[in-house]
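Have a look at it first, then read on.

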Amino acid sequence: MYGLRKNSDYNLPGGSNRRSSNTKRQRNIIVGVLALILVWYFFRVSSDAQIPSKAPTYTDSIKKNDGSRPTPTGQVAIDDETLIEDAIRRNKVVVFAKSYCGFCKSTIETLAPMVDNLYILNLDKHKGGEEIQKVLVKKFKQETVPYIIINGEFIGGNSDLLKIQNQGTLPSKLFPAI
């Protein structure tokens with residue numbers, strides 16, 4: 001009589017059992033909290049995706065953080081068109097991107113393992129990024145990032161890169177026969 005009670009001692013009118021009801025409620029709360037933790041972890045991990053370390057950015061390859069370079073006379077002056085043409089002329093693969101763009105990250109993750117000197121200019125981190133993008137829009141007739149140029153040829157955006165990769169023609173574009 002004074003020992004442990006059976007579940008039947010807690011029966012309430014209507015056949016509901018308070019102890020099992022509380023247990024279900026606690027279990028539902030725990031499942032909900034775990035689901036929130038998993039969602040939080042998924043979004044944290046996906047937003048913390050890093051650009052591969054072997055893919056240098058434009059700002060890594062220059063001495064000034066403002067994106068300008070000294071001219072032979074010592075003056076710091078370079079227009080956007082010249083910066084774009086210089087990047088294309090000096091590098092095998094050029095990507096004009098934005099650091100927060102998932103398509104840009106996908107492009108870089110696709111190209112970085114294949115190419116040693118991948119040149120990336122993050123327009124959102126560059127002092128004159130908005131003006132450079134205006135020149136890119138005018139030059140290539142595309143309004144969205146990334147802008148991918150391989151061996152001086154404008155490829156397009158990430159979907160265009162994936163298309164030529166799926167067709168199997170990406171290696172021939174990256175490494176043309178000499």
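## Ground rules

This is a predicted model, so to speak: local features need pLDDT of at least 70, side-chain atom pairs count only at pLDDT 80 or more, and totals for chains, interfaces and linings use all residues. Residues are numbered from 1 along each chain as its sequence is written, and side-chain values use heavy atoms, with hydrogens and water left out.

## A greasy patch

I29, I30, V33, L34, I37, W40 and Y41 together make a nonpolar surface patch of about 720 Å². To join such a patch, a residue needs over 30% relative accessible area and no salt bridge, and nonpolar side chains (Val, Leu, Ile, Met, Phe, Trp, Tyr) are joined within 5 Å, while like charges are joined within 9 Å. A salt bridge here is a side-chain nitrogen of Lys or Arg within 4 Å of a carboxyl oxygen of Asp or Glu. Areas come from the Shrake-Rupley method with a 1.4 Å probe, and for residues only the protein chains shown count as cover.

Take I37, one of the patch members. I37 sits in helix α1, residues 18-47 (helices are DSSP runs of H or I with at least four residues, strands are runs of E with at least two, both numbered from the N terminus). I37 counts as partly exposed because its relative accessibility is 45% (buried is under 20%, exposed is over 50%, partly exposed is in between, with a 1.4 Å probe and protein chains only).

The loop between α4 (129-140) and β3 (147-150) holds P146, and the peptide bond from V145 to P146 is cis, with omega near 0 degrees. K141 is in the loop between α4 and β3 too. Its phi is positive, near 60 degrees, though K141 isn't a glycine. K141 is exposed, because its relative accessible area is 69%.

N151 also has a positive phi without being glycine, this one near 50 degrees. You'll find N151 in the loop between β3 and β4 (153-156). At 38% relative accessibility, N151 is partly exposed.

How many disulfides does the structure hold? Zero, taking a disulfide as a pair of cysteine sulfur atoms within 2.5 Å. C101 is in none, and the nearest cysteine sulfur, that of C104, is 3.3 Å away. C104 is likewise in no disulfide, with the sulfur of C101 as its nearest at 3.3 Å.

Are these two buried or exposed? C101 is buried at 11% relative accessible area, and C104 is buried at 1%.
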